[in-house]
Amino acid sequence: EVGVELAGPAWGIARQREKARPVFGADADRLLFTGDTLEQAGRPVLADRRAHRLLADGAGSVADLGCAAGTDTVALARAGARVVAVDRDPVARELTALNTAALGLTGVEVRDADVVDLVAAAADGRVAGCDAAVLDPARRAGGRRLLDPDRWSPPWSTVQALLDRVPRCVVKVAPGLDHDRVPAGVEAEWVSVGGSIVEAVLWGRALSATWRRATVVGRDGAVAELTAGTDPGTAPDGPVRGWLHEPDPAVSRSGLVALVGEQLGATLVDPTIAYLTSDSPAPSPWVTSYPVTDVLPFNLKKLKALLRAAGVGRVTVKKRGSPIEPEALARQLRGPGEQSAVVVVTRVAGAPTVLVCGPPAAAG
């Protein structure tokens, strides 16, 4: 009815909205995304959380440096800030303008400017005429992740400059960021949702409250935070006991496994592997606990025989410190049995080891 020139883009927008709906809810029916901007867009619940923390000490204006589709701009405007949304990409600027208007938000200025230049010109703790800033560097190019922060857009040098020049700022970074990159006095936070790591953020020096933070958002929306003012070091290691505890990825990435081990009275199965073990299950948001039924050296033939004898036909494979491919091994271990098991391939005291476990205990 409308022709290819309109129907094609309309169909593309409809597909992006369908992808966005599980995360953005009813807002998805009014928002516009491209594939790239939806990929970069953060979860609204986390954007809202960041916005409220950023504005908690009275900042009234925020520069959204690299606004993409405007999801951070929306959160900041809803929290009451005046927002200057900046991007060199005309599509990003148009999306941000349309999305904020569609949601009835005011106090948003969309500006064509180079983030590198704006940060270089920042002075007196302000950037782009604003009290605070959000920066979300583009970490993809040609559909591939850029693992080197110096290749982000803007690059790591601009991230460092913003942290140095604007004390009230928050920078979204890759969850795999090397801890050595985090400047002194800057809080680094890793966030997981439903057991999957979704983002890492650096809090500027005026907002930093601790050294490292792990934030776990459960499937029910409950938020738990684990913090450390200094490096807690490595947990002690020991033999495998009756229960295996798999730390949430936010805990592992933030380097706070030792704190959890101390809380649970648990030890590492190997000094280089982030699996904990203790004599009892752990009603804790920081770990998923599995009862250990068997511990044996890694040997595929013996493992298959053990599972067949136990009537196990459905297997979930987990691994740490092993080159095996979990999906491939799970296919090899499937059998006619009606029971299920969790097979953990790892190292124990340096030796390749398999832990056969029952289903996880209920989360705390």
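Q: Which helices each supply at least two residues of the lining of the second largest cavity?
A: A cavity is a set of points, on a 1 Å grid over the protein atoms alone, where a 1.4 Å probe fits but cannot get out, and lining residues have an atom within 4 Å of a point. Helices (H or I, at least four residues) and strands (E, at least two) are DSSP runs, numbered from the N terminus. In this predicted model, helix H3 (44–55) and H4 each supply at least two lining residues of the second largest cavity. The largest share, four residues, comes from H3.

Q: On what basis are such values given?
A: Residues are numbered from 1 along each chain as its sequence is written, and side-chain values use heavy atoms, with hydrogens and water left out. The model is predicted, so local features need pLDDT of at least 70 and side-chain atom pairs count only at pLDDT 80 or more, while totals for chains, interfaces and linings use all residues.

Q: Which residues line the second largest cavity, and how are they classed?
A: Ala, Val, Leu, Ile, Met, Phe, Trp, Tyr, Cys and Pro count as nonpolar, Asp, Glu, Lys and Arg as charged, and the others, Gly among them, as polar. The lining consists of Ala47, Arg50, Ala51, Leu54, Asp72, Leu76, Val134 and Val170. Six of these residues are nonpolar, none is polar and two are charged.

Q: What is the volume of the largest cavity?
A: A volume is the space filled by probe spheres set on the grid points, which are joined across faces, edges and corners. For the largest cavity the value is about 80 Å³, and for the second largest cavity about 30 Å³. The lining of the largest cavity has 13 residues, with Cys67, Ala68, Thr71, Asp72 and Asp136 nearest the centre. Helix H2 (35–40) and helix H4 (71–78) are the elements giving two or more residues to this lining. By class, the lining has four nonpolar, six polar and three charged residues.

Q: Which domains each give at least three residues to the lining of the second largest pocket?
A: A pocket is an open set of points with protein on both sides within 12 Å along at least five of seven lines. Domain bounds come from an automatic or database domain assignment. Here domain 1 (4–228) and domain 2 (243–357) each give at least three residues to the lining. The second largest pocket holds about 570 Å³ of space. Among its 25 lining residues, Gly195, Arg219, Asp248, Pro285 and Thr288 lie nearest the centre.
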